[in-house]
Amino acid sequence: MLDTVLGIPLHPLVVHAVVVLAPLTALLLVLFAVSARFRAWSGLLTPVVATLTLVLSPIATQSGETLQERVPESNLVHEHAEIGDTLPWVLLLATAAAWLMWWFWRREAAQLPPAAGSTGGPAAGATDGGTRGGASTLFRVLAVAGVLVAVGLAVDVTLVGHSGAQAVWSQVGSQPAPAGEGGEDG
């Protein structure tokens, strides 16, 4: 696997994309689950962002394993690698939840007759969750599962990111700042 880009390890480059997209995926999942207006506006946004994040996740994991071979062995790096191995699986659940919620929402919306004055389509008459009487029981169950997966994703990406930051920066934070450069005396 490619492990550097212009002399910079690939891992921190890809990780920054995952660190932005994973919390965004969690937020979009929650919004899609709880807001019919958001579902009507966003369409495929939630499952597409989840899928992109899922695709980048194994690249981050593999490039991290490659980088791990190039850095000195430490407990912090080992802990980060162990925690990081869970993220692709949590993202797989989040992506499945996003696509299932989207599919059931579209299916329910397509079964409705168009609302008066609308042009039809999946959002027509779907401002209350996809059915005029509210979201179906199945969609509600998927929405609850989606919110739970989103919370799990947010927690997991936070733990992975925190352990990675500790592995990279713990030695820097323990060093005193050079005199006249940044300290409180400033």
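In the predicted model, helix α1 buries Leu10, His11, Val14, Val18, Leu21, Ala22, Thr25, Ala26, Leu28, Leu29, Phe32 and Ala33. Several of these positions are spaced along the helix in a way that recalls a general property of such elements. An α-helix has 3.6 residues a turn, so residues three or four places apart point the same way. Helix α1 is built from 25 residues, and the distance from its first C-alpha to its last is 37 Å. This is close to the 36 Å expected at 1.5 Å a residue.

The protein has 186 residues, of which 37% count as buried. Its secondary structure consists of six helices and two strands, arranged along the sequence in the pattern β-β-α-α-α-α-α-α. Among contacts with a separation of 6 or more, 72% are between residues 24 or more positions apart.

Helix α1 (residues 10–34) packs with helix α3 (residues 45–68) at an angle of about 150 degrees, and the two axes lie 8 Å apart. The angle makes α1 roughly antiparallel to α3. The crossing of this pair is left-handed. In the contact of α1 with α3, 20 residues are nonpolar and seven are polar, while no charged residues take part.

Helix α1 also packs with helix α5 (residues 87–110), here at an angle of about 35 degrees and with the axes 11 Å apart. The crossing of α1 and α5 is again left-handed. From α1, the residues in this contact are Val18, Thr25, Leu29, Phe32 and Ala33. They meet Leu87, Ala94, Ala97, Ala98, Met101, Trp102 and Trp105 of α5. By class, the contact of α1 with α5 comprises eleven nonpolar residues, one polar residue and no charged residues. Val18, Thr25, Leu29, Phe32 and Ala33, which form the α1 side of this contact, are also listed among the buried residues of α1.

Helix α3 has 24 residues, which at 1.5 Å a residue should span 34 Å. The end C-alpha atoms of α3 are 34 Å apart, in agreement with that value. The buried residues of α3 are Thr46, Pro47, Val49, Ala50, Thr53, Leu54, Leu56, Ser57, Ala60, Thr61, Ser63 and Gly64. The elements that cover them include α1, α2 (36–42), α4 (75–84) and α5.

Thr61 lies in helix α3 and has a relative accessible area of 18%. This value is under the 20% cut-off, so Thr61 counts as buried. With residues up to four places away in sequence left out, Thr61 touches Gly84, Asp85 and Pro88.

Pro88, in turn, lies in helix α5. The relative accessible area of Pro88 is 15%, and this residue is therefore buried. Apart from neighbours within four places in sequence, Pro88 is in contact with Leu54, Ser57 and Thr61. Pro88 and Leu54 are separated by 34 residues in sequence, yet their C-alpha atoms are 6.4 Å apart in space.

Technical notes: Residues are numbered from 1 along each chain as its sequence is written. This is a predicted model: local features need pLDDT of at least 70, side-chain atom pairs count only at pLDDT 80 or more; totals for chains, interfaces and linings use all residues. Side-chain values use heavy atoms; hydrogens and water are left out. Axes are lines fitted to C-alpha atoms, for helices over the stretch in contact, and angles run from 0 to 180 degrees between N-to-C directions. Helices (H or I, at least four residues) and strands (E, at least two) are DSSP runs, numbered from the N terminus. A crossing is left-handed if the near helix is turned anticlockwise from the far one by less than a right angle, and right-handed if clockwise. Contact means heavy atoms within 4.5 Å. Ala, Val, Leu, Ile, Met, Phe, Trp, Tyr, Cys and Pro count as nonpolar, Asp, Glu, Lys and Arg as charged, and the others, Gly among them, as polar. Angles under 35 degrees count as roughly parallel, over 145 as roughly antiparallel, 65 to 115 as roughly perpendicular and the rest as oblique. The expected span of a helix is 1.5 Å times one less than its number of residues. Buried means under 20% relative accessible area, exposed over 50%, partly exposed in between (1.4 Å probe, protein chains only).
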